[in-house]
Amino acid sequence: MTISRRDVLLGATATAALVPLAARAQTSEVVIGVIYPFSGGSAQQGVDAQKAYETALEVINKDTDFDLPLAKGEGLPGLGGAKVRLVFADHQADPQKGRAEAERLITQEKVSAIIGTYQSAVAVTVSQICERYQIPFVSADNSSPSLHRRGLKYYFRAAPHDEMYSAAMFDFFDALKKKGTKIETLSLFHEDTIFGTDSGNAQAKIAGERGYKIVSDIKYRANSPSLSAEVQQLKSANADVLMPSSYTTDGILLVKTMGELGYKPNAIVAQDAGFSEKALYDAVGDKLEGVISRGTFSLDLAQKRPMVGKINEMFKARSGKDFNDLTSRQFMGLIILADAINRAKSADGEKIRDALAATDIPGEQTIMPWKRVKFDEAGQNNDADPVLLQYVGGKFVTIFPPQAAIAEAIWPMK
């Protein structure tokens, strides 16, 4: 019997019709929503985040041969080589805009998961929408401890939260005191969103437990046009350590106001955020020699793990910058999420959620100085070890903990 080309085409069409649409779609691409501020005062954070995610996307979708999940081969082997596609959305640093954009990504763009968001206040509303629609939310760079304590099933965070970061700061203080350094009094300075509030609460709690005296605890309005009154209070208190929790524009204003009012603290140990951003150091870095910030990433790790340096070069080619604490967390967040989608062998939200819950990635297969990535029942990775970095000579060097340090801390700051 002779079979015509027309019969072959008809047969192929009939066979394809028997395959569910979702199954066919998932073999070509998986769509992930990425929510950040791309306009307004925090727009640069969104731009940097996009470059970090695009770098991770290259590792996932192309054969880059690093010792990372999905770096060998192209796409998601668990889904027949399907590629990951990112859809970016602008939350404008507004929690309600974030809520609306999350819902749009889920209902219109049909994303299988969402990752974000820089501001913790926006993560609150975005994660609530994801929970409602049973879509996983990966909190790549939000550090407020309360985020993973709301009983959400679809919330996951691989990086440390501010209680973990703050504990590392006080471990550092304790170690310096044992060497004879005078550290008795602290000034807490934090903005009034969930990030600053949670950070201030965590630091106050640990200070009390470890016997440090808080001589000023100042909560200020985020994006305030003036910080003169607050800085005058800090100057009068004259604590041994100033501990700011501020985003970039507030951090720049703080440092400028300190200079104008002649306030020169003995030491600044910052809760990251603005104090990890190149924009802040471009603006006021000459006044910040010796400032210390917490983090989860150190480029010094490239000395022990060469792939860290190579991936950093990929990011730098896109952004003109080295990885920092935020962009490194964003990069790893997408790698971890894509790894779970691959193991789930599905674009279904519930299956991806279950795969995320089963994640167990050794620290050596990340670009971070972490023990591993493994989530507890609340979706928090408790094996992400913080580091402390000091700004010296125009770059950050790791000073704590001892096993990660490449330099001794300069104390007091210059």
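**Exercises on helix packing and strand pairing**

In H3, Asp48, Ala49, Ala52, Tyr53, Thr55, Ala56, Leu57, Val59 and Ile60 meet Thr327, Gln330, Phe331, Leu334, Ile335 and Ala338 of H12, contact meaning heavy atoms within 4.5 Å. The model is predicted: local features need pLDDT of at least 70, side-chain atom pairs count only at pLDDT 80 or more, and totals for chains, interfaces and linings use all residues. Residues are numbered from 1 along each chain as its sequence is written, and side-chain values use heavy atoms, with hydrogens and water left out.

**Exercise 1.** Determine how the residues of the contact of H3 with H12 divide into nonpolar, polar and charged.

*Solution.* Apply the classes: Ala, Val, Leu, Ile, Met, Phe, Trp, Tyr, Cys and Pro are nonpolar, Asp, Glu, Lys and Arg charged, and the others, Gly among them, polar. The division is 11 nonpolar, 3 polar and 1 charged.

**Exercise 2.** Classify the packing angle of H3 and H12.

*Solution.* Step 1: helix H3 (residues 43-61) and helix H12 (residues 325-344), both DSSP runs of H or I with at least four residues, pack at about 40° with axes 8 Å apart. The axes are lines fitted to C-alpha atoms over the stretch in contact, and angles run from 0 to 180 degrees between N-to-C directions. Step 2: H3 is therefore oblique to H12, given that under 35 degrees counts as roughly parallel, over 145 as roughly antiparallel, 65 to 115 as roughly perpendicular and the rest as oblique.

**Exercise 3.** State how strand E10 and strand E13 run, and how many bridges join them.

*Solution.* E10 (residues 292-295) and E13 (residues 387-392) run antiparallel, joined by 4 bridges; strands are DSSP runs of E with at least two residues, and pairing requires at least two bridges. Ile292 stands opposite Gln390 in E13.
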